[in-house]
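Hi,

Here is the structure I promised to pass on. Have a look at it first, and then read my notes below.

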Amino acid sequence: MTEVRVRFAPSPTGKLHIGGARTAIYNWAYARATGGKFILRIEDTDPERSTQENIDLIVRAMRWLGLDWDEGPEVGGPYGPYLQTQRFDTYSEALAKLDANGSAYPCFCTAEQNEMRREAIQNDGLAAHPDPCRCMGCEERQQRMAAGEPYVWRLKVPQDRGMITVHDAVHGDVDFDAALQDDMIIVRSDGSPTYNFAVVCDDVNMEMTHIIRGDDHFSNTPRQILVYEALGYPTPVFAHIPMICGPDGKKLSKRHGAASVEEYRDLGYLADGLFNYLALLGWAPDGETTVFSRDEMAQRFSLDRLSKNPASLDPEKLDWMNGQYIQMMGAQEFAQLLLPQLQAAGYQVEDAEQVARMYPLVAERVKLVNQAVPMLAYLFEDEVAFDEKSVAKILQKEGAGAKTNLEKVAAVLADCPWDCAGIEAAMRGVVDELGVKVKFVFQPVRVAVTGSQVSPPLCESMELLPREVVIARIERAAQVAVD
């Protein structure tokens, strides 16, 4: 059995879009599921927008997602180089082959002539207006080349080709009429290859067996099949996956919010959560499983479970998914992620173990890691600011006894065991002594310690703070409270 070889071939014209990331995930998973090879190839032939910085951004984003490649940048491999700008000799060899077997020809038509021909084709059809350079004699061709006339190279579409059938693993067989395919440019006048030519040359030379990509490339596929045939090579298996749409059903873009992998990372999403969610946008292991690891996907992935329908990005489901991974990640990993964010927010904290002890306070309350910083701010501030609504509703509510209750709590906390159980027992002792409802004691203390009536668990929070800090905050709140 032929070894499966798949590739992800981004253009380094910007950050890694999540649509591209999903394509990379599917290629990676198929290679791992079949014991094949996953290749990263950089299509950097756009001289104005392709930069080394963008290549580095793409590589970092893929590594952050947990994707590894068997061949490509930083790895090497037997089919390199893996940047198109370093493969121009292979395109020249392919062009020479096409020229020799009569499948390509130089076209000297000017831009004005091409425009006139396009207008004529719109009126009379392609067959009535073939490219005038297609049947040019060798002598005329050599004379015009020698004279320095600019020209491009075009692929000669066989006139009797008939239907071009794309055998697609997702959509089934799709037919395209070869009679409607113009002789496309394969090499520009400056000698650079066009996309449809270069990508086939690369896929042939790197022995790709499967091409898994977005269905925005579907219209390119019949053209590429013609290149395969002209070069004398079999076509790979194609699998065109539907695009990702925004909640409004339109193609995902900046107007829908974050669009790149790095933007999601910076918003506080976890690599595991984003990977899992993107994998589900067009594929599922079964009808029930939603949370799965990379290893599980690598074991279960197959092309026959790819969806034909566009997938809609659901921010709420993504947040839920990310929250699941926060709950599963554990305190130590959480601390490693949160510590630099706390430091960036200006808090003086160096001890990861200290941060790890805060994990239970927020693990089930945040969907993004970034949300934990403001939620835990009261644990790092010298003096908390009281929320105005909480002051009015809790501390200054007449008849609730907030002032007295706070003073009583401050007194009993002075010598109680300083752990969650001891703190709670001391405060419940105040409830019993005063004969009041639990909320009339615990709510004022919550506002005093955290600054708000809504916060993570109270006694667990108090345990993480020095006793003297907690008492000082309660005494300060008692000064603004009323009975």
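The secondary structure of the chain comes to 21 helices and 11 strands, where helices (H or I, at least four residues) and strands (E, at least two) are DSSP runs, numbered from the N terminus. The radius of gyration is 32 Å, well over the 23 Å that the globule rule gives for 483 residues, so the chain is more spread out than a compact globule. That radius is taken over C-alpha atoms, and the globule rule is 2.2 Å times the number of residues to the power 0.38. Along the principal axes, the C-alpha atoms fill a box of roughly 110 × 50 × 35 Å.

Please keep in mind that this is a predicted model: local features need pLDDT of at least 70, side-chain atom pairs count only at pLDDT 80 or more, and totals for chains, interfaces and linings use all residues. Residues are numbered from 1 along each chain as its sequence is written, and side-chain values use heavy atoms, with hydrogens and water left out.

Now for the whole chain. Of its 483 residues, 49% are buried; buried means under 20% relative accessible area, exposed over 50%, and partly exposed in between (1.4 Å probe, protein chains only). The accessible surface comes to about 22800 Å², and carbon and sulfur atoms hold 49% of that. These areas come from the Shrake-Rupley method with a 1.4 Å probe, and for residues only the protein chains shown count as cover. If you take the contacts (heavy atoms within 4.5 Å) with a separation of 6 or more, 74% of them are between residues 24 or more positions apart.

As for charge, there are 48 positive and 71 negative side chains, and the centres of the two sets lie 3 Å apart. Lys and Arg count as positive and Asp and Glu as negative, while His and the chain ends are not counted. The place of a charge is NZ of Lys, CZ of Arg, CG of Asp or CD of Glu.

A helix to look at is α7, residues 221–231. Nine of its 11 residues are buried, so α7 is largely enclosed by the rest of the structure. Among those buried residues are T221, P222, Y228 and L231.

C109 is in none, and the nearest cysteine sulfur, that of C107, is 3.7 Å away. C109 counts as buried, at 17% relative accessibility. C416 is in no disulfide either; its nearest cysteine sulfur belongs to C459, 9.5 Å away. C416 is buried too, with a relative accessible area of 8%.

Some backbone details next. The peptide bond from G80 to P81 is cis, with omega near 0 degrees, and P81 is found in the loop between α2 (52–64) and α3 (88–100). E74 lies in the loop between α2 and α3 as well. Phi of E74 is positive, near 70 degrees, in a residue other than glycine, and E74 counts as exposed at 62% relative accessibility. E207 is not a glycine, yet has a positive phi of about 55 degrees. You will find E207 in the loop between α6 (195–205) and β8 (210–214), where it is partly exposed, with a relative accessible area of 45%.

Which residues does P242 touch? Leaving aside its neighbours within four places in sequence, P242 is in contact with R22, D215, S307, K308, N309 and P310. P242 sits in the loop between β9 (237–241) and β10 (244–245) and counts as buried, at 2% relative accessibility. P242 and G282 are 40 residues apart in sequence, and their C-alpha atoms are 7.3 Å apart in space.

Finally, two long distances. A96, in helix α3, is 297 residues from K393 along the chain, and their C-alpha atoms are separated by 83 Å. A96 counts as partly exposed, at 45% relative accessibility. G191 is in the loop between β7 (185–187) and α6 and is also partly exposed, at 41%. Between the C-alpha atoms of G191 and E388, 197 residues apart along the chain, the separation is 69 Å.

Cheers

Terms used: A disulfide is a pair of cysteine sulfur atoms within 2.5 Å.
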